[in-house]
Structures are given as C-alpha cells and as structure tokens.
Amino acid sequence: MADIQGSYDDLFTAVPSALAALLYEGDVGGSVAVFVDGEPVVDVWGGYVDAGRTVPWGRDTIVNVWSVTKTMTALCALVLADRGELDLEAPVARYWPEFAAAGKDGVLVRHLLAHTAGLPDWEGPVDELYDWPSATARLAGQAPQWEPGSAAGYHSVTQGFLVGEVVRRITGRSVGQYFAEEVAGPLGADFHIGLSAEHDHRVAPTVPPPSRDEDYTASAARSDANASAGTAIRVRDGNSVAWRRAQIPAASGFGNARSVALAQSVIACGGAVRGVRLLSQGGCDRAWVEQFSGEDRILGMPVRYGLGYGLFGSTYGWGGWGGSLVMIEPEARMAVAYVTNQMREPAEDQRGLEIVMSAYDGLKGLRS
C-alpha cells in the first residue's frame with residue numbers, strides 16, 4: 001500500500017487506510033483530516049504533488065479545492081448574518097443596488113446561497129473572472145433564468161461573486177480579505193481565497209482524469225443533465241497563476257484537508273473552536289434550514305440545499321470538481337475533509353464518500 005504520513009487516533013485507522021488505497025489505485029496525491037470537537041483525530045497525507053510523481057506531498061501542501069470553497073464563502077455570510085450586519089431575507093439590491101436590474105429586484109440574499117437566484121451560468125470570458133468589478137457588473141446586468149426562489153440550478157462559478165459582492169458592499173472588504181481576517185486568521189486555518197505568490201511553491205496542480213488533458217472541462221455527474229450554457233472552465237484555467245491570484249469565491253480556494261476541516265468545525269461545533277467563537281448556535285442552525293428540495297436544473301439530480309451547504313440526511317457539506325469534499329456531522333461535532341489533486345470522471349468518483357464512511361467507522365469506536 002501507499003506510504004501515508006501524518007497522525008491519527010487508533011480508532012480511526014480506517015481513514016488513512018482508505019487514503020492509502022486510493023493512492024495505490026493510481027491517484028497522484030491527497031490529504032484527509034477528521035476533526036471531532038474541534039481537534040484532529042486524523043491528519044494524514046500521501047502521494048505526490050506532481051503528475052510525474054517526483055515531489056512528495058508534504059504536510060503543508062495545498063491544492064485548489066474547487067467548489068469546497070463555497071462552504072468558506074457561506075461561512076463569511078453566516079458570520080455577517082449572525083452579527084446582525086446581513087439580513088438573509090433581504091433583497092440583494094438592499095446591499096447592491098445595481099443588482100436590481102433586469103428583473104432581479106425580488107432576488108433575496110438566501111436565494112444566492114441556495115442556488116435558487118436564477119443566475120447559474122457564467123457567460124463571460126474566463127479572463128473576466130480575474131477582474132472582480134467586471135465579473136460582478138456582468139452578473140448585475142443579467143436577467144434570471146427562472147423566477148427567483150422557485151427552482152434551483154447549481155451556480156457553480158457565479159455563486160461566489162454574488163455572495164462575495166454582498167460581503168464587499170457591507171464590509172468594504174473583499175470576501176478573500178474578510179475570510180482571512182475574520183475566519184482563517186482567528187482559527188489559524190491555512191486556507192486562502194486569492195492566493196499570494198509566497199504560497200505558490202506549496203501548490204499541487206490539478207491533474208486531469210486518466211486519458212484526459214488540461215483542456216478537460218467540468219460536466220454534470222449525470223450524462224443526461226442539462227448542458228450548461230455558460231463558459232466552460234478547463235483544468236488549465238485552474239492551474240494558471242491568474243486563477244490562483246484571483247478571488248473566485250465559488251471555486252478558487254486553496255488549502256489542505258486540515259484547514260478545511262478546521263474551518264468547518266466551527267459549524268460542526270456550534271460556532272466555536274479552540275476558544276474562538278465565530279457564530280452562535282442559532283447562527284449555525286440557520287445554515288441547515290432547507291431552502292430547496294427537488295431536481296437541480298443544472299446537475300440533473302435531486303438535491304437539498306440549505307444556506308451555502310448541501311443537505312444529506314443529518315449531515316451537511318459540499319464537494320468540489322475533481323473530488324475534494326467536506327462533510328459536517330453536527331450531532332457528533334465532526335468535520336471530515338478530503339482534498340486531492342487527482343481528478344476522476346464525476347460519474348465514477350466515490351472517493352469522498354469512501355473517506356466519510358471510513359470516518360464513521362472511527363466514530364462508532366469513539367462512541368462505544
């Protein structure tokens with residue numbers, strides 16, 4: 001089996017074993033963390049940073065986690081709401097007046113977080129994603145594709161700009177700056193929305209699925225899903241310096257499993273981790289209130305959305321293009337994170353689920 005580095009509680013041996021199996025099966029590299037009560041019971045990593053398998057994955061290797069970034073952006077909005085600075089039931093235009101254009105005056109802040117705002121497609125050039133004023137101006141001018149709140153369609157790239165601009169209008173800070181100063185900084189979480197050059201040497205570039213190259217683009221998990229009308233994002237875009245530097249708060253977050261699990265432990269642990277309180281219990285509970293249940297128009301599959309998180313039975317979380325995932329179990333005060341540089345085809349990718357189930361094996365032992 002593959003060599004795994006790091007540490008873990010003996011009750012959770014199934015977790016490093018699951019990561020080792022994935023690497024043995026051909027994955028390039030990755031890391032896994034399981035936090036219970038805000039403390040790590042698993043913090044392991046293995047494999048390689050590069051597709052050529054010449055540079056070992058290290059303790060502080062970071063990777064683009066794609067849409068797992070959405071849970072960090074959601075955390076920013078939830079913190080603002082809990083502090084009374086953001087009303088999730090208010091029209092977006094209260095904070096961002098230009099957004100009322102093209103029939104969007106009825107779009108509420110919670111619609112942005114629940115993928116029900118009707119703006120699922122990024123229709124501009126990829127390069128415009130790197131220019132915040134241009135990207136947000138484009139979205140402000142768009143008409144919704146459906147009556148806001150009446151249906152859901154996964155806002156894969158657009159959600160971060162929509163929520164992030166509301167954060168910026170309220171605080172005067174970019175969502176990346178707000179996250180760094182109000183969430184990651186206080187917690188000591190090594191997660192970044194907008195990565196500075198000093199961290200470039202730690203980045204593991206995304207590796208396309210076997211037999212694919214860097215022109216590989218995102219697609220829905222089901223082949224019969226509606227094809228997005230938006231601009232396709234390629235692996236080579238995500239591996240570019242411009243992508244790393246930009247703030248694309250739905251898809252360009254960089255971190256490792258430790259940082260993802262630590263940040264999302266705030267939600268798992270009732271709002272406080274290691275003596276740092278970011279949310280009240282009520283502020284955490286708000287995230288789990290169901291906003292939509294039904295068929296997602298873009299993903300072509302049944303979904304349940306809360307405020308910035310997918311709802312899966314008693315657990316909450318989200319996954320990213322290529323396989324990275326975070327899952328939160330508030331009852332057990334557990335957060336499980338898996339990040340990888342190795343993409344697989346979405347329809348064939350069960351790795352995150354395998355990691356989560358291995359963590360539950362450990363949880364059973366902890367409870368007995």
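## Close-up views of a predicted model

**View 1. Helix α6 bends by about 35 degrees, and the bend sits at E181.** Welcome to this predicted model; our tour starts with α6, which covers residues 175-187. With 13 residues at 1.5 Å a residue, the helix should span 18 Å, and its end C-alpha atoms are 17 Å apart, so the two values agree. Which residues of α6 are buried? They are V175, G176, Y178, F179, E182, V183, A184 and L187. Just after the helix comes G188, with a positive phi of about 75 degrees.

**View 2. Helices α4 and α5 cross at roughly 105 degrees.** Here α4 (residues 132-141) meets α5 (residues 158-171), and their axes come within 10 Å. Angles of 65 to 115 degrees count as roughly perpendicular, and the two helices are therefore roughly perpendicular to each other. On the α4 side, the contact is made by W132, A135, T136 and L139. The α5 side brings T158, G160, F161, L162, G164, E165 and R168. Sorted by kind, the residues of this contact are five nonpolar, four polar and two charged.

**View 3. A135 is a buried residue of helix α4.** How accessible is A135? Its relative accessibility is 0%, so A135 counts as buried. Setting aside neighbours within four places in sequence, A135 is in contact with W122, E128 and F161. Take W122 as one of these partners: the C-alpha atoms of A135 and W122 lie 9.0 Å apart, while the two residues are 13 apart in sequence.

View 4. Most residues other than glycine have a negative phi. You can find A102 in the loop between α2 (69-82) and α3 (109-113). Is each of them buried or exposed? A102 is partly exposed, with a relative accessible area of 40%, whereas H115 counts as buried at 3% relative accessibility.

**View 5. H199 is a buried residue in a loop.** The last stop is the loop between β5 (192-193) and α7 (235-238), where H199 has its place. Buried means under 20% relative accessible area, and H199 is buried because its value is 15%. What does H199 touch, leaving aside neighbours within four places in sequence? H199 is in contact with I62 and H192.

Key
Residues numbered from 1 in each chain as written. Predicted model: local features only at pLDDT ≥ 70, side-chain atom pairs only at ≥ 80, totals over all residues. Heavy atoms only, no water. Axes fitted to C-alpha atoms, helices over the stretch in contact; angles between N-to-C directions. Helix = DSSP H or I, 4+ residues; strand = E, 2+ residues; numbered from the N terminus. Parallel < 35°, antiparallel > 145°, perpendicular 65-115°, else oblique. Contact = heavy atoms within 4.5 Å. Nonpolar A, V, L, I, M, F, W, Y, C, P; charged D, E, K, R; others polar. Expected span 1.5 Å × (residues − 1). Bend = angle between axes of the 7 residues up to and from the residue. Buried < 20%, exposed > 50% of the residue type's maximum accessible area, 1.4 Å probe, protein only.
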